[in-house]
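I opened the notebook to record what I looked up in this structure, taking one topic at a time.

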Amino acid sequence: MAEGPVVHHYAKRLRAVLEGKKVRIEFGLKKLKASEPSVSKTRILKVEAHGKQFRFHLEDQRILLIHLMMWGSWRIFKRGQAWDKPRERARVIFDTNSHTAVVFSAPVVRLLTPSELQENPSWGNLGPDPLRSDFSSKEFFERLEQDSSREIGEALLDQQVIARVGNILRIEILFCSYIHPRRKVGSLSQDEKKTLLYWVLTLFDRWMKEMGKKNTWIQIYRKSKRPCPNCKTLVDFFRQAGRITYACPKCQR
Ligand SMILES: [Zn+2]
């Protein structure tokens, strides 16, 4: 599963291989394959990653939007190198003179004009992204407070509130912040919201630094019925927003 900094890492590699290059784009999806012979050769002006969403800005101003959701993954091969995943799972193949970048199993692939993207309620209006230099904490709080009746554990998963936070991160962010996932957004004090922001930024930072190593920042994810590292109470788990959530019933208020 691709989450947070893993996506950032992909984006960096994709930028190096594709940005500014002449590219042949082949769709593994029948629908796009039939309707889009015109993108068979184009230049990619810019590669953007926003959360688990990738945006490829094409020469003709259109945007190729790819969302990994839970299942998608990227591979970048040198030209001619053998693939380690089956070709029938390829959704989009980008060929340059030197490399082939392939996204596998991505459930969302769309070719949109800038205004279509802007108006798209699911993909157009993303929340601030902690790994981008334009991250705005003010905007994060504004988007968070738009629905005060929502549970905080659910709000953090909403990419329109904050981009890139997946299940593991939101569980650990809330644990470090001593905030229970079931708390309503409207019940959080200013101090709690500041603490929350602090842990959003801190855990993203630690994840980036430890990527591919130990992940020492993961404390309670998948630790149901094991003692909380702070107070030894058994960690609780429940479903929230369709995802398994973990929390310490004593530390997290
Ligand atoms: Zn505890």
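**Entry 1, the sheet around β6.** I am working from a predicted model, and I began with the strand pairing, where β1 and β6 run antiparallel to each other and are joined by 4 bridges. Within that pairing I looked up Ile25, whose bridge partner in β6 is Phe94. I then followed β6 to strand β7 (residues 99-104), with which β6 also pairs in the antiparallel sense, over 5 bridges. In this second pairing I noted that Ile93 stands opposite Val102 in β7, and that β6 and β7 form a hairpin with 3 residues between them. I also checked how covered β6 (residues 90-95) is, and found 5 of its 6 residues buried. For my own reading of the two pairings I keep in mind that side chains in a regular strand alternate between the two faces of the sheet.

Which residues line the second largest pocket? I listed Lys21, Lys22, Val23, Arg24, Lys41, Arg79, Asp95, Thr96, Asn97 and Ser98, and I noted that strand β1 (residues 22-27) gives the largest share of this lining, with 3 residues. The volume of this pocket comes to about 170 Å³, and by class its lining holds 6 charged, 3 polar and 1 nonpolar residues.

For the largest pocket I recorded a volume of about 310 Å³. It is lined by 13 residues, of which Lys52, His67, Met69, Leu157 and Gln159 are the closest to its centre. Sorting that lining by class, I wrote down 6 nonpolar, 5 polar and 2 charged residues.

Which atoms coordinate the zinc ion? I found the SG atoms of Cys228, Cys231, Cys248 and Cys251, at 2.2 to 2.4 Å. The arrangement is tetrahedral because the 4 donor atoms subtend angles of 102 to 115 degrees around the zinc ion, and the cut-off for that label asks for all angles to lie between 85 and 135 degrees. Along the chain the donors follow the spacing C-x2-C-x16-C-x2-C. Cys228 and Cys251 link distant parts of the chain, 23 residues apart, with Cys228 in the loop between α7 (190-210) and β9 (236-240) and Cys251 in the segment after β10 (243-247).

Gln240 has Arg243 as its bridge partner in β10. The two strands form a hairpin with 2 residues between them, and Ala241 in the turn has a positive phi of about 50 degrees. Because 4 of the 5 residues of β10 are buried, I describe this strand as largely enclosed by the rest of the structure.

Last, I looked up Val200, which lies in helix α7 and is buried, with a relative accessible area of 0%. I compared its position with that of Gln240, and noted that Val200 and Gln240 are 40 residues apart in sequence and 19 Å apart in space, C-alpha to C-alpha.

How values were computed. Residues numbered from 1 in each chain as written. Predicted model: local features only at pLDDT ≥ 70, side-chain atom pairs only at ≥ 80, totals over all residues. Heavy atoms only, no water. Donors = N, O, S within 2.8 Å, 3.2 Å for Na, K, Ca; no water. Tetrahedral: all angles 85-135°; square planar, octahedral: opposite > 155°, others 65-115°. Buried < 20%, exposed > 50% of the residue type's maximum accessible area, 1.4 Å probe, protein only. Pairing = 2+ DSSP bridges. 1 Å grid on protein atoms, 1.4 Å probe; cavity = no way out; pocket = protein on both sides within 12 Å on 5 of 7 lines; lining within 4 Å. Points joined across faces, edges and corners; volume = space filled by probe spheres on them. Nonpolar A, V, L, I, M, F, W, Y, C, P; charged D, E, K, R; others polar.
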